[in-house]
Amino acid sequence: MSLSIDIRKHFPSFDLNVQIQAEDEVFGLLGASGCGKSLTMRCVAGIETPDEGRIVVNDTVFFDSAAKINLKPQERKTALLFQNYMLFPNLTVEQNVAAGIPRKTPKDERDSIVASELRRFDVEAFAKRYPAQLSGGQQQRVALARMLAARPGILMLDEPFSALDAHLKSVLEQNLASLFDAYHGTILYVSHDIDEAVRFCDRVAVVERGHVMEIDSSRELVDDPKSMAGLKLSGCKNAVEVQKLSDTHVYCPQWGVKICVPRGVPDDVRGIGVRAFNLRRAEGPGCNVYRMRVDRVSDSRFERMCLLSFMDRSADAEPLVSAVDQEVHFLHQRVFWRVSMREPGVILPEVGDELLISIPVEHLYVVCK
């Protein structure tokens, strides 16, 4: 099983330019809304047509602009799961599951496939019901059963959990795990959620404005991102553009401070990042220790999130703004610090506190894209 995508398509807001090779794996497309990840999937399914390029699935050419090949969606044998499952409301559960099976399939074989998939996803008891009589979780299981019953050459899932609450999402993720265990081939998974990518995907392509910025294993994307887009999507709240000052120092206009990078600064450095939970209180001056003021705090169940501003910003730094002036710019100029409430004896920061905060060099990310 394999997938090869090399396509380009012009849109008013950006140009889609995607090159991907995937094998028998769960391959993720991770990016912000509107970046082109769902468009890429729709091009594979035949819902969108690229301006040029080539798409090949399991040695079958779906699209080739040079050879003037463009298979119709029904000829491509793909299975695409949308956010709302797209069940046929006028068909029963068993009829929905059977809908994707080729019509030439003998009735006995068709019935056997339907029964097998209903059993796999534990929806046998609902076989005669209609979608409107099912819960959201039951509808999802029926949609997954229909996908496998069609025996597709590739599975594609477009943000299947985006509209669910946290509890229901965790339950339904187990249904998806059953699907992945049962399917042997390429699975294309679109998401903007790094936790989903880590749980489900073997490799992940980070997409930004129609371009693939990096392709890594999901674990590498978290531990060693290579691009600003990857850094932000990996959940790093403190990801900022920088300018190279020397082989060991960069300047961050956003924060108005110099930052030491002992491991070395590449000539093409674009940005740095540090995760909010890696910041530390400092006892005195030192490498990457800064005087900071707590400008805002907010509590969740187990931690306090603090927004910190640098008190010794350089003279050429832009003046600090307040949240009243411009909320987005206020966040842009400050550092996020995550403080655990579960550590014994921890002193929680309060608004107005002035502290020495260390940005540990061993936890600095440096990216060049």
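Trainee: What is the relative accessible area of Lys77?
Mentor: Lys77 has a relative accessible area of 49%, so Lys77 is partly exposed. Buried means under 20% relative accessible area, exposed means over 50%, and partly exposed is in between, with a 1.4 Å probe and protein chains only.

Trainee: What should I know about the model before going on?
Mentor: This is a predicted model, in which local features need pLDDT of at least 70 and side-chain atom pairs count only at pLDDT 80 or more, while totals for chains, interfaces and linings use all residues. Residues are numbered from 1 along each chain as its sequence is written, and side-chain values use heavy atoms, with hydrogens and water left out.

Trainee: Back to Lys77, where does it lie?
Mentor: Lys77 is in the loop between β6 (69–70) and β7. Strands (E, at least two residues) and helices (H or I, at least four) are DSSP runs, numbered from the N terminus. Lys77 is not a glycine, yet its phi is positive, about 55°.

Trainee: New topic, then. How many residues does helix α3 have?
Mentor: Helix α3 (residues 107–120) has 14 residues. From first C-alpha to last, α3 reaches 20 Å, close to the 20 Å expected at 1.5 Å a residue. The expected span is 1.5 Å times one less than the number of residues.

Trainee: Which residues of α3 are buried?
Mentor: Arg110, Ile113, Val114, Glu117 and Leu118 are the buried residues of α3. They cover an arc of only 130° around the axis, so they are on the same side of α3. The arc is that of the directions from the helix axis to the C-beta atoms.

Trainee: And what is on the other side of α3?
Mentor: Asp108 and Arg119 are on the other side of α3, and they are exposed.

Trainee: What do the buried residues pack against?
Mentor: The buried residues of α3 pack against α2 (93–98) and α4 (136–149). Just after α3, Asp122 takes a positive phi of about 55°.

Trainee: Switching to rings, how many aromatic pairs are there?
Mentor: The count comes to 6 aromatic pairs. Rings of Phe, Tyr and Trp (its six-membered ring) pair if their centres lie within 6.5 Å; planes under 30 degrees apart count as stacked, over 60 as edge-to-face and the rest as tilted. Phe180 and Phe200 form an edge-to-face pair, 5.6 Å centre to centre with 90° between the planes. Phe180 lies in helix α5 (residues 166–182) and Phe200 in helix α6 (residues 194–200), so the pair ties together parts that are 20 residues apart in sequence.

Trainee: Are those two buried or exposed?
Mentor: Phe180 counts as buried at 13% relative accessibility, and Phe200 is buried at 11%. Ring pairs also link Phe180 and Phe200 with Tyr189 into a cluster.

Trainee: Now strands. Which way do the residues of β16 point?
Mentor: Gly271 and Gly273 point one way from strand β16 (residues 271–274), and Ile272 and Val274 point the other way. All of these are buried.

Trainee: Which strands are joined to β16 by bridges?
Mentor: Strand β12 (residues 238–241) is joined to β16 by 4 bridges, and strand β22 (residues 365–367) by 3 bridges. Both pairings are antiparallel. Two strands pair if DSSP finds at least two bridges between them. Ile272 in β16 is the bridge partner of Val240, and the bridge partner of Ile272 in β22 is Val366.

Trainee: Last one: what is the order of the open sheet of 3 strands?
Mentor: The order is β13-β14-β15, with antiparallel pairing. β13 (243–244) and β15 (257–260) are the edge strands, and each pairs on one side only. β13 pairs with strand β14 (residues 249–252) over 2 bridges, and Gln243 stands opposite Tyr251 in β14.

Note on methods
Contact = heavy atoms within 4.5 Å.
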